[in-house]
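This briefing goes through a few local features of one protein model, grouped by topic. Please keep the sequence and the structure open while reading.

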Amino acid sequence: MRGAAGRVGTIVVTVVLTLAATLLALNFTSGEKRLDEQIGREYSLHDDQYQRALGVLLGPPITEGNRFEALYNGDQIFPPMLDAIRSARQSITFETYIYWSGAIGQAFADALAERARAGVKVHVLLDWVGSAKIEDSLIEEMTSAGVQIRKFHKPNWYDLARMNNRTHRKLLVVDGRTGFTGGVGIAPEWTGHAQDAEHWRDSHFKVEGPVVAQMQAVFMDNWIKVSGDVLHGERYFPEIPKAGEGRAQMFSSSPSGGSESMHLMYLLSIAAASKTIDLSSAYFVPDDLTVGALVAAMQRGVRLRIITPGPIIDSQTVRGASRAAWGPLLEAGAEISEFQPTMFHCKVFTVDGLLVSVGSTNFDNRSFRLNDEANLNIYDEAFAAAQTVQFEADLKQSKRITFEAWKTRPLREKVIEHLASLLSIKL
């Protein structure tokens, strides 16, 4: 009897472990065939064909007549967002990964609740993982006022295979006319002006003009997934007049449809680069294909500058995995620098003084294959020039890492970084 019971126990354990392994594998794959070949260079970034490719092959059409405003750090970012919310007359749609608590979380809850009580339709989409620290009192305040709150991929027994697919998007659209996107979450770390290690350096962007309708459509994509409700009509999609001269498109990706499109957008842009690439990246863990594309760009004379977090970072494992991949880039001439004063959470990609891609996407496989992401691609030379000025200001607060210093770093660091790279997502 004992032998039979033991065999049954072994079978049960085997089945459980097999199911767990299968579930884990499903959570780390998108179900789509991954890119495995280098993107050839067929045109430059300034060629019309490049913008046709991004507007037809991969994303929505590039729109005319937009205006953009760059906002740096919480003291500049949060007041315009809150002012826009308080000015709403028709609708507010808000999607974010991080929503914790503290004074800034309370301020957003108060503003959203007040507008809902005034009759504005308010829809808030929070990632279930990213908003785990939000206080119940904030949720109760908003829902009792009439705010519709949904959680993205809250665990259900029938949907466990998608647990690792998070919405990392950061979108706020007010009255269908004014939009915000970038890197910030709703938490105390993003307040202030990056004055110390407890207050992070980040960038966010205010947008007006026809491209805001594309931002709204990206929000609706996930709202429909989690709620089944289709929000439409003039309240959400009004006619939007021209607000400026800028050209832009709202680019998105999701494992449920086009998980490789964001990765491909970056690869096409790198292949089209002729002169410069500046990358501000909170989590820079490039795969072999991306490293190859960047090295090929430098070999044809493109200057590559990268700023990543330094010692102050919320994940030392990510930093280690990042540093482990730098060798080929540094050897080819990349200028890689680590931001020193605080956590560097920016996600800005500027190419050839024309393209500026901003939003939620990190330069790693989680963003490229597992998360729902959204980036605003801006084609505007004046805006790109301003972003270059800001990049160089951040560069002055960063420490350059040379190839020689990288090669001769202590053995202990090399081992730790190698282990971190093994732990990073390699799909």
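Leu411 belongs to helix 14, which covers residues 411-423. The model is predicted.

- Leu411 has a relative accessibility of 66%, and because exposed means over 50%, Leu411 counts as exposed.
- Together with Val415, Leu419 and Leu422, Leu411 makes up a nonpolar patch on the surface.
- The accessible area of these four residues together is about 410 Å².

**Aromatic rings**

- The structure contains 13 aromatic pairs.
- A pair of aromatic rings is described by two quantities, the distance of the centres and the angle of the planes.
- One aromatic cluster is formed by Tyr266, Phe284, Phe349 and Phe363.

**Charges over tryptophan rings**

- Lys133 places its charged end over the ring of Trp100, at 4.1 Å from the ring centre.
- Arg409 has its charged end over the ring of Trp406, at 4.2 Å from the ring centre.

**Strands 2 and 3**

- Strand 2 consists of residues 91-96 and pairs with strand 3 in the parallel sense.
- Six bridges connect strand 2 and strand 3.
- Strand 3 takes in residues 121-127 and is mostly covered, with six of its seven residues buried.

- Most residues other than glycine have a negative phi.
- Asn73 is not a glycine, yet has a positive phi of about 70°.
- Asn73 is found in helix 3, which runs over residues 73-86.
- The relative accessible area of Asn73 is 10%, and since buried means under 20%, Asn73 is buried.
- Ala194 also is a residue other than glycine with a positive phi, near 55°.
- The position of Ala194 is in the loop between strand 6 (178-182) and strand 7 (203-208).
- Ala194 counts as buried because its relative accessibility is 15%, and the limit for buried is under 20%.

Note on methods
Residues numbered from 1 in each chain as written. Predicted model: local features only at pLDDT ≥ 70, side-chain atom pairs only at ≥ 80, totals over all residues. Heavy atoms only, no water. Patch = residues over 30% accessible without salt bridge, like charges linked within 9 Å, V, L, I, M, F, W, Y side chains within 5 Å. Areas by Shrake-Rupley, 256 points an atom, 1.4 Å probe, with all protein chains shown as cover. Salt bridge = Lys/Arg side-chain N within 4 Å of Asp/Glu carboxyl O. Helix = DSSP H or I, 4+ residues; strand = E, 2+ residues; numbered from the N terminus. Buried < 20%, exposed > 50% of the residue type's maximum accessible area, 1.4 Å probe, protein only. Phe/Tyr/Trp six-rings, centres within 6.5 Å; stacked < 30°, edge-to-face > 60°. Lys NZ or Arg CZ within 6 Å of the ring centre and 35° of its normal. Pairing = 2+ DSSP bridges.
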